[in-house]
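Dear colleague,

Please find below the structure I promised to pass on to you. My notes on its salt bridges and pockets follow, and I would be glad if you read them with the model open beside you.

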Amino acid sequence: MKSVHFTLYVVLLSLSAVAFAQTVQMTDTEKSDAQKSSVAPVPSEVQKSFATMKSLAGEWEGPVTVPEMPQMSGGKPTHASLRVTSRGNALVHEFQEAGTPLDATKYDHPVTMLYVDGDQLTLVHYCDAGNRPRMTGKMSPDGKTVEFEFKDISGSPEYHMHHSVFTIIDANHHTEDWTFMMKDKPIHAHFDLRRTN
């Protein structure tokens with residue numbers, strides 16, 4: 001009985017050695033193919049746009065200017081929080097008035113999600129108006145601006161966010177321009193944001 005176990009052990013050990021030797025001895029062609037497959041693919045324009053947006057992750061504050069409603073300009077600064085989530089597949093963007101508690105029942109606190117959907121950079125804005133406009137974005141040739149155009153909306157379209165533009169000045173300074181539709185009248189808000197961390 002011992003000789004059967006010993007023989008089985010020797011056979012298994014021999015098979016393991018042969019398998020190991022075959023994986024170690026690669027031809028030059030196999031080595032070249034393995035090296036080619038380890039080269040990262042060139043990112044698409046959509047992936048580059050999303051990477052640009054993810055570079056904004058952090059906390060930001062700054063003034064807001066609303067030309068159509070001067071009484072809204074020059075007040076408390078706005079706080080913007082951007083964070084990458086879902087293993088790098090989504091960017092969460094949140095606005096609130098700086099210095100206010102995180103209480104969505106008393107204060108505006110819109111949330112926007114950005115993600116790559118096939119060959120499009122997609123933005124879904126969960127608006128305080130109770131709807132969810134969806135926009136698609138494109139990066140400018142210089143790589144400093146990502147502009148989002150309205151695509152469609154879930155919920156009432158009477159009052160909704162319609163357009164947005166993110167412009168990167170440098171690693172610690174960017175602007176956001178958002179267009180809100182009040183029925184058929186556009187309201188423009190310009191946020192001049194500086195990184196706070």
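**Salt bridges**

Asp152 forms a salt bridge with Arg134, with 2.4 Å between the closest N and O atoms, where a salt bridge is a side-chain nitrogen of Lys or Arg within 4 Å of a carboxyl oxygen of Asp or Glu. The pair links distant parts of the chain, since Asp152 lies in strand β8 (residues 145-154) and Arg134 in strand β7, 18 residues apart; helices (H or I, at least four residues) and strands (E, at least two) are DSSP runs, numbered from the N terminus. Asp152 is partly exposed, because its relative accessible area is 30%, and Arg134 is likewise partly exposed at 25% (buried means under 20% relative accessible area, exposed over 50%, partly exposed in between, with a 1.4 Å probe and protein chains only).

Please keep in mind that this is a predicted model, in which local features need pLDDT of at least 70 and side-chain atom pairs count only at pLDDT 80 or more, while totals for chains, interfaces and linings use all residues. Residues are numbered from 1 along each chain as its sequence is written, and side-chain values use heavy atoms, with hydrogens and water left out.

By this rule the count comes to five salt bridges, and another of them joins Glu45 to Lys48, whose closest N and O atoms are 3.3 Å apart. Both residues lie in helix α3, three residues apart, which is about one turn of the helix. Glu45 counts as exposed because its relative accessibility is 52%, whereas Lys48, at 35%, counts as partly exposed.

**Pockets**

The second largest pocket holds about 180 Å³ of space. For these terms, a 1 Å grid is laid over the protein atoms alone, and a pocket is an open set of points with protein on both sides within 12 Å along at least five of seven lines, its lining residues having an atom within 4 Å of a point; grid points are joined across faces, edges and corners, and a volume is the space filled by probe spheres set on the points. Glu45 is also among the residues that line this second largest pocket, together with others including Asp119, Thr136 and Lys138. The largest share of that lining, four residues, comes from β7.

The largest pocket has a volume of about 840 Å³. Of its 25 lining residues, the closest to its centre are Met72, Asp108, Pro110, Asp128 and Phe191, and β11 gives the most to the lining, with four residues.

With best wishes

Key:
On a 1 Å grid over the protein atoms alone, a cavity is a set of points where a 1.4 Å probe fits but cannot get out, and a pocket is an open set with protein on both sides within 12 Å along at least five of seven lines; lining residues have an atom within 4 Å of a point.
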